[in-house]
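Try each task before reading its solution.

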Amino acid sequence: MLFDLHSHSTYSDGALTPTELIQRAELAGVDVLAITDHDTVAGITEIITDLDAKPDTTLQLLPGVELSSQWHGTGAHGMGVHIVGLNVQLDSSELQDALTRQQQARYDRAAIIADRLRKKGFPDLLPAVITAAGQGTIGRPHFAEQLVAIDAVKSSDEAFRRYLGAGKIGDIKNVWQALEDVVGWVRDAGGTAVLAHPDKYHLTHTKLRALVGDFKAAGGEAIEVVSGHQIAYKTKNLSDLCELNNLHASCGSDFHKPGQHWAEVGKHSTLPDSCRPVWDLW
Ligand code: AMP
Ligand code: MN
Ligand code: MN
Ligand code: MN
């Protein structure tokens with residue numbers, strides 16, 4: 001059975017509609033797919049409620065979401081951390097309320113980013129960013145796209161390096177709720193909280209252990225031991241961390257768009273046999 005438990009659609013910063021994403025996953029041999037858009041469950045809700053939108057497939061869909069949270073406050077040591085919620089109840093009113101607040105926070109943050117970029121001499125990018133985000137939640141990748149479109153940078157990567165990434169003007173503090181609260185929303189909605197892509201935070205081993213400890217204490221149940229195509233020693237480190245903390249293991253591609261071979265749907269590295277997979281919990 002091939003599980004891909006982390007992927008994005010046009011409902012956040014992904015390039016494919018949920019239907020296109022499911023078709024691509026099926027072609028890649030995925031048996032179970034979680035669509036985990038940033039701070040929204042609209043994509044999966046569309047597939048479930050609009051039968052015309054549902055492709056003819058044997059693939060099993062899991063309701064998921066990738067929530068932005070803040071770990072360690074907003075001081076010098078604070079940082080953004082992503083929590084994937086799997087198997088959440090889509091009609092949970094607590095979750096729906098939380099998602100509405102997250103989306104408002106994303107909108108407010110976008111206005112601040114646009115303002116700061118304007119003060120740097122760029123045109124007001126907010127209208128174009130809102131249009132580009134369309135039905136999806138607004139994110140920094142939409143700003144990156146616009147910075148490329150106006151020739152301010154050559155690539156999204158450069159946009160993050162110069163303007164949007166950690167410590168740059170597009171890195172806005174005070175946006176997300178505490179990690180503990182966000183994990184609580186997932187649990188209140190009957191879901192499983194998974195610490196997303198621990199390697200992407202570029203933490204020292206000591207800090208990563210502290211993060212995993214706090215996540216577990218908050219009620220987190222699994223960590224993404226595999227995120228995309230991953231070098232073997234990283235998988236080993238993360239599976240050791242999993243075992244040490246008595247957590248389950250998840251895996252996913254973090255697919256956003258075609259052409260990124262390191263994050264292609266269904267093409268992520270395999271979970272080590274020693275791990276207890278997160279789906280054992282269901
Ligand atoms: P946001 O959700 O607005 O905080 O933006 C985070 C998203 O930006 C991630 O989910 C990635 O899809 C994307 N991202 C993060 N870092 C980079 C980067 N260096 N280059 C391109 N995209 C990135
Ligand atoms: Mn993303
Ligand atoms: Mn993420
Ligand atoms: Mn993601």
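**Exercise 1: the shell around ligand 1**

Sorted by class, the shell around ligand 1 holds two nonpolar, three polar and five charged residues; here Ala, Val, Leu, Ile, Met, Phe, Trp, Tyr, Cys and Pro count as nonpolar, Asp, Glu, Lys and Arg as charged, and the others, Gly among them, as polar. The model is predicted: local features need pLDDT of at least 70, side-chain atom pairs count only at pLDDT 80 or more, and totals for chains, interfaces and linings use all residues. Residues are numbered from 1 along each chain as written, chains are lettered from A and ligands numbered from 1 in the order written, and side-chain values use heavy atoms, without hydrogens and water.

Task: find which polar atoms lie 3.1 Å and 3.0 Å from an oxygen atom of ligand 1.

Solution. Step 1: the 3.1 Å distance belongs to a polar side-chain atom of Asp-13. Step 2: the 3.0 Å distance belongs to a polar side-chain atom of His-38.

**Exercise 2: a helix pair**

Task: describe how the axes of helix α7 (residues 179-188) and helix α8 (residues 205-217) cross.

Solution. Step 1: the axes, lines fitted to C-alpha atoms over the stretch in contact, with angles from 0 to 180 degrees between N-to-C directions, come within 9 Å and cross at roughly 45°. Step 2: α7 and α8 are therefore oblique to each other, as angles under 35 degrees count as roughly parallel, over 145 as roughly antiparallel, 65 to 115 as roughly perpendicular and the rest as oblique.

Technical notes. Polar contact = N/O pair within 3.5 Å; in protein donor to acceptor, adjacent residues only side chain to side chain. Helix = DSSP H or I, 4+ residues; strand = E, 2+ residues; numbered from the N terminus.
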